[in-house]
Amino acid sequence: QVQLVESGGGLVQPGGSLRLSCAASGFTTDYYAIGWFRQAPGKDLQGVSSISTSDGFVYYADSVKGRFTIARDNAKNTAYLQMNSLKPEDTAVYYCATGAGGLISANYDYWGQGIQVTVSS
């Protein structure tokens, strides 16, 4: 059974940092891309970042370039999203997903349950 579990969310002040983790089970992350998405209240799901399989090619949404970094540790079957210089507009529920890759949600087959990130003073 494929399962993805996010952790590391919470409340942080503007300018602060958080690192999200996505622990995978039931499959081997070596063969699938991992993507991070987010959904703010009243807004559509947005692709944030993704990382491909063997070559580690990465994508970032323009809104997070230079602030967020995606990484994966296949030995631990875990992916990460390091978020620095957080802004109030980064507030959202963040989801990790696995599938073919890129920033299009339809490319992904399995999703985590989501975790809240709130950026506020």
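Counting as a disulfide any pair of cysteine sulfur atoms within 2.5 Å, the count for this predicted model comes to one disulfide. Residues are numbered from 1 along each chain as its sequence is written, and side-chain values use heavy atoms, with hydrogens and water left out. Because the model is predicted, local features need pLDDT of at least 70 and side-chain atom pairs count only at pLDDT 80 or more, while totals for chains, interfaces and linings use all residues. The points below take up the disulfide, the nonpolar core, an open sheet and the aromatic pairs.

**Disulfide**

- The disulfide is formed by Cys 22 and Cys 96, whose sulfur atoms are 2.1 Å apart, and the torsion about their S-S bond is about 65°, so the disulfide is right-handed.
- Cys 22 lies in strand E3 and Cys 96 in strand E9, so the pair ties together parts that are 74 residues apart in sequence; strands (E, at least two residues) and helices (H or I, at least four) are DSSP runs, numbered from the N terminus.
- Cys 22 counts as buried at 2% relative accessibility, and Cys 96 counts as buried at 0%, where buried means under 20% relative accessible area, exposed over 50% and partly exposed in between, with a 1.4 Å probe and protein chains only.

**Nonpolar core**

- A nonpolar core is a set of buried Ala, Val, Leu, Ile, Met, Phe, Trp, Tyr and Cys residues joined through side-chain atoms within 4.5 Å; the largest one has 26 residues, of which Leu 20, Trp 36, Phe 68, Leu 81, Met 83 and Tyr 94 touch the most other members.
- At least two residues of this core are supplied by each of the strands E3 (18-25), E4 (33-39), E5 (46-51), E7 (68-73), E8 (78-83), E9 (92-99) and E11 (115-119), and the largest share, four residues, comes from E3.
- With its neighbours within four places in sequence left aside, Phe 68 is in contact with Arg 38, Val 48, Tyr 60, Leu 81, Gln 82, Met 83, Asn 84, Leu 86, Asp 90 and Tyr 94, contact meaning heavy atoms within 4.5 Å.

**Open sheet**

- Four strands form an open sheet in the order E1-E3-E8-E7 with antiparallel pairing, two strands being paired if DSSP finds at least two bridges between them.
- The edge strands, each pairing on one side only, are E1 (3-7) and E7.
- E7 and E8 pair in the antiparallel sense over six bridges, and Thr 69 stands opposite Gln 82 in E8.

**Aromatic pairs**

- Rings of Phe, Tyr and Trp (its six-membered ring) pair if their centres lie within 6.5 Å, with planes under 30 degrees apart counted as stacked, over 60 as edge-to-face and the rest as tilted; by this rule the count comes to five aromatic pairs.
- The rings of Phe 37 and Tyr 108 have their centres 5.1 Å apart and their planes at 80°, so the pair is edge-to-face; Phe 37 in strand E4 and Tyr 108 in strand E10 (residues 108-111) are 71 residues apart.
- Phe 37 is buried, with a relative accessible area of 1%, and Tyr 108 is buried as well, at 5%.
- The rings of Phe 37 and Trp 111 have centres 4.9 Å apart and planes at 50°, so this pair is tilted; Phe 37 lies in strand E4 and Trp 111 in strand E10, so the pair ties together parts 74 residues apart in sequence.
- Trp 111 counts as partly exposed, at 31% relative accessibility.
- Ring pairs link Phe 37, Tyr 95, Tyr 108 and Trp 111 into a cluster.
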